[in-house]
Amino acid sequence: MFGVQAESTLVSFEANELKSVEMEETDGLALRAVIGGDWALRSDGPTRVTRTDRQPDGFCPSGRQNTIIFPGALRPPPLRTCDPSLAQVQASQLIAIGREIVHALTDIDRNASVHVDVQKSIERVTLRNTAGAEIDEDFGSLIVGVAVERVRGRDVLILGDESESLSLDDTYHQVVERLGRHLRMARRSARIRSGHMPVLFSPAGAAVLTLPSF
């Protein structure tokens with residue numbers, strides 16, 4: 001048996017103004033079993049049964065009936081994948097983060113058009129089998145994505161950055177600091193002459209060199 005319960009809240013700002021607040025909840029449950037050599041899958045929809053003589057995807061005939069052995073009781077590794085306090089975070093707090101980011105960046109450059117997405121996501125995954133395995137795992141994240149556009153004459157500046165954390169903390173302040181630093185540097189436009197020029201890549205931009213060419 002495999003189950004998933006999830007909820008998310010997404011707050012979006014566009015062109016410095018609050019655009020939308022979206023809340024979503026999902027609850028899914030699926031049951032898989034082997035019955036007389038047949039595969040059976042039961043989910044929220046109708047039951048589906050796939051017979052072995054039809055050779056479903058991934059089935060390799062071996063001349064004998066396949067035997068499936070489920071793992072027994074398992075102890076998951078001690079990983080911190082969710083902060084319980086995240087469940088208590090309200091949409092109003094996410095809106096406040098978005099407004100804080102917009103104000104901070106427009107204070108640096110009043111011509112900046114700021115787009116912000118603040119999303120809180122919480123998910124619980126449940127796994128059970130007839131061999132005794134029982135696993136419950138919680139996952140949570142707070143993702144803050146920011147994009148900045150500024151048009152000044154024929155000069156178009158586009159910036160973007162993102163942060164992710166397990167709880168409501170000040171990690172997103174690092175995004176504001178990085179974008180603010182770029183906005184300040186972009187106050188003065190550089191001029192170059194035509195011809196071959198040296199190219200420098202920052203550590204973050206150097207990843208472009210590893211992308212395949214088409």
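Trainee: Why is Arg-124 called partly exposed?

Mentor: This is a predicted model, and the relative accessible area computed for Arg-124 is 37%. Buried means under 20% and exposed means over 50%, with partly exposed in between. The value for Arg-124 is 37%, so Arg-124 is partly exposed.

Trainee: What makes Arg-124 and Asp-138 a salt bridge?

Mentor: The side chains of Arg-124 and Asp-138 meet at 2.6 Å, N to O. The cut-off is a nitrogen of Lys or Arg within 4 Å of a carboxyl oxygen of Asp or Glu. The pair, at 2.6 Å, is therefore a salt bridge.

Trainee: Which parts does that pair tie together?

Mentor: Arg-124 is in strand S5 and Asp-138 is in strand S6, so the bridge ties together parts 14 residues apart in sequence.

Trainee: Is Asp-138 buried, exposed or partly exposed, and how do you know?

Mentor: Asp-138 has a relative accessible area of 29%, so Asp-138 is called partly exposed.

Trainee: What is the distance between Arg-128 and Asp-136, and what is the pair called?

Mentor: The closest N and O atoms of Arg-128 and Asp-136 are 3.1 Å apart, and the pair forms a salt bridge. Arg-128 counts as partly exposed because its relative accessibility is 25%. Asp-136 is partly exposed as well, with a relative accessible area of 38%.

Trainee: Which residues are joined into a network by salt bridges that share partners?

Mentor: Asp-109, Arg-150, Arg-152 and Asp-155 are joined into one network. In the structure there are nine salt bridges. One of them is between the side chains of Asp-109 and Arg-150, at 3.4 Å, N to O. This pair links distant parts of the chain: Asp-109 is in the loop between helix H1 (91-108) and S5, while Arg-150 is in strand S6, 41 residues apart.

Trainee: Are Asp-109 and Arg-150 buried or exposed, and how do you know?

Mentor: The cut-off for buried is under 20%. Asp-109 has a relative accessible area of 10%, so Asp-109 is buried. Arg-150 is at 2%, so Arg-150 counts as buried too.

Trainee: Why does Ser-141 count as buried?

Mentor: Ser-141 has 12% relative accessibility, so Ser-141 counts as buried. Ser-141 lies in strand S6, residues 134-152. Not counting residues up to four places away in sequence, Ser-141 touches Leu-86, Gln-119, Lys-120, Ser-121, Glu-164 and Ser-165.

Trainee: What makes Val-176 buried?

Mentor: The relative accessible area of Val-176 is 15%, so Val-176 is buried. Val-176 lies in helix H2. Leaving aside neighbours within four places in sequence, Val-176 is in contact with Ile-101, Ala-104 and Leu-105.

Trainee: How far apart are Val-176 and Val-146, in sequence and in space?

Mentor: Val-176 and Val-146 are 30 residues apart in sequence and 8.4 Å apart in space, C-alpha to C-alpha.

Trainee: Why is Leu-209 called exposed?

Mentor: The cut-off for exposed is over 50%. Leu-209 has a relative accessible area of 56%, so Leu-209 is exposed. The place of Leu-209 is in the segment after helix H2 (172-185).

Trainee: Which residues form a nonpolar patch on the surface?

Mentor: Val-199, Phe-201, Val-208, Leu-209 and Leu-211 form the patch, with about 530 Å² of accessible area together. Residues in a patch need over 30% relative accessible area. Leu-209 is at 56%, so Leu-209 passes that step.

Trainee: How much space lies in the largest pocket, and which residues are closest to its centre?

Mentor: About 290 Å³ of space lies in the largest pocket. Of its 14 lining residues, the closest to the centre are Met-1, Arg-32, Phe-70, Arg-128 and Asn-129. Strand S2 (17-35) and strand S5 (113-128) are the elements that give two or more residues to the lining. The largest share, five residues, comes from S2.

Trainee: How many helices and strands are in the protein, and what share of the residues is buried?

Mentor: The protein has two helices and seven strands, in the order β-β-β-β-α-β-β-β-α from the N terminus on. Buried residues make up 28% of the 214 residues.

Terms used: Residues numbered from 1 in each chain as written. Predicted model: local features only at pLDDT ≥ 70, side-chain atom pairs only at ≥ 80, totals over all residues. Heavy atoms only, no water. Patch = residues over 30% accessible without salt bridge, like charges linked within 9 Å, V, L, I, M, F, W, Y side chains within 5 Å. Areas by Shrake-Rupley, 256 points an atom, 1.4 Å probe, with all protein chains shown as cover. Helix = DSSP H or I, 4+ residues; strand = E, 2+ residues; numbered from the N terminus. Buried < 20%, exposed > 50% of the residue type's maximum accessible area, 1.4 Å probe, protein only. Contact = heavy atoms within 4.5 Å. 1 Å grid on protein atoms, 1.4 Å probe; cavity = no way out; pocket = protein on both sides within 12 Å on 5 of 7 lines; lining within 4 Å. Points joined across faces, edges and corners; volume = space filled by probe spheres on them.
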